[in-house]
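This report describes selected local features of one protein chain. The sequence and the structure come first.

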Amino acid sequence: MKDLADRRRESLPRWRELVSAMTDEVDALVETFLGRVEDIPGYRAGPVSEEQLQESAHSSLALILSAVATDSTTTQLSSLPGELGRLRARQGVPGEDLVAAVQLDFGVIWSAMLARARDSDMAVLALHVENLWSVVDDYARAVQQSYLEERALMAAATRDEQLTYLAELLGPAGRSPRNVRNIARALGVDADATFSVVVADAAASHHAHRAAAQLTTLGE
């Protein structure tokens, strides 16, 4: 009885034929993807335009199929994973919804392959499905990593901006009514609101931030 490695090697040409057939049907795969992604809350809300979503879906599916066909990873072939993660972070798509959308690619491609395969291809698909899943999983992790890195940069920029505004508020010209209104608007707070100020050294700052977060949760 042939071992698994031999069977995979012998069935590889047919597997590549099936993958190539999917490459010729990317437009149809995109339509299937668009129909499914609407069930994900972060996309149903509409932060990503339909045109942008269609474009990224086409690029993603084509890249995944190319990686499968060449036994590569998506990050070896393209900068798209990093670009997509950064873009979705700036668009405000929740991270878990982004990953869920990327993982739809596997189901879209796999369903289409099953629908078009012959009965004799079932063993071929079973022998190589791990390759497809591995590529999609690698792509999802790369997109998520760039998303998290971009979110961290955005948070750091927001903190720097807040510190700049606070320094201006506490400066000589910061108390003028016009400056107070402008700074409050920039910080997203009411110019007439009352705030408590806490001064803490570096060692105690973690506890101060945690206490502030708890008060915010309680609505105080």
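The sections below cover a helix pair, a loop residue and a residue in another helix.

## Basis

The model is predicted.

## Packing of α1 and α7

Helix α1 spans residues 4-23 and packs against α7 at an angle of about 110°, with the two axes 10 Å apart. Angles of 65 to 115 degrees count as roughly perpendicular, and α1 and α7 are therefore roughly perpendicular to each other. The crossing of α1 past α7 is right-handed.

On the α1 side, the contact is made by W15, L18, V19 and M22. On the α7 side, I109, A112, M113 and R116 take part. By residue class, the contact of α1 with α7 holds seven nonpolar residues, no polar ones and one charged.

D121 lies in the loop between α7 (95-116) and α8 (122-170). Is D121 buried or exposed? The cut-off for buried is under 20% relative accessible area; D121 has 2% relative accessibility and so counts as buried.

Leaving aside residues up to four places away in sequence, D121 touches R14 and L18. With R14 there is also a side-chain to side-chain polar contact of 2.7 Å.

## Q91 in α6

Q91 belongs to helix α6, which covers residues 80-91. Its side chain forms a polar contact of 2.8 Å with the side chain of R88. Which residues does Q91 touch, not counting those up to four places away in sequence? They are P47, V48 and Q52.

Terms used. Residues are numbered from 1 along each chain as its sequence is written. This is a predicted model: local features need pLDDT of at least 70, side-chain atom pairs count only at pLDDT 80 or more; totals for chains, interfaces and linings use all residues. Side-chain values use heavy atoms; hydrogens and water are left out. Helices (H or I, at least four residues) and strands (E, at least two) are DSSP runs, numbered from the N terminus. Buried means under 20% relative accessible area, exposed over 50%, partly exposed in between (1.4 Å probe, protein chains only). A polar contact is a pair of N or O atoms within 3.5 Å; within protein, one must be able to donate a hydrogen and the other to accept it, and residues adjacent in sequence count only if both atoms are side-chain atoms. Contact means heavy atoms within 4.5 Å. Axes are lines fitted to C-alpha atoms, for helices over the stretch in contact, and angles run from 0 to 180 degrees between N-to-C directions. Angles under 35 degrees count as roughly parallel, over 145 as roughly antiparallel, 65 to 115 as roughly perpendicular and the rest as oblique. A crossing is left-handed if the near helix is turned anticlockwise from the far one by less than a right angle, and right-handed if clockwise. Ala, Val, Leu, Ile, Met, Phe, Trp, Tyr, Cys and Pro count as nonpolar, Asp, Glu, Lys and Arg as charged, and the others, Gly among them, as polar.
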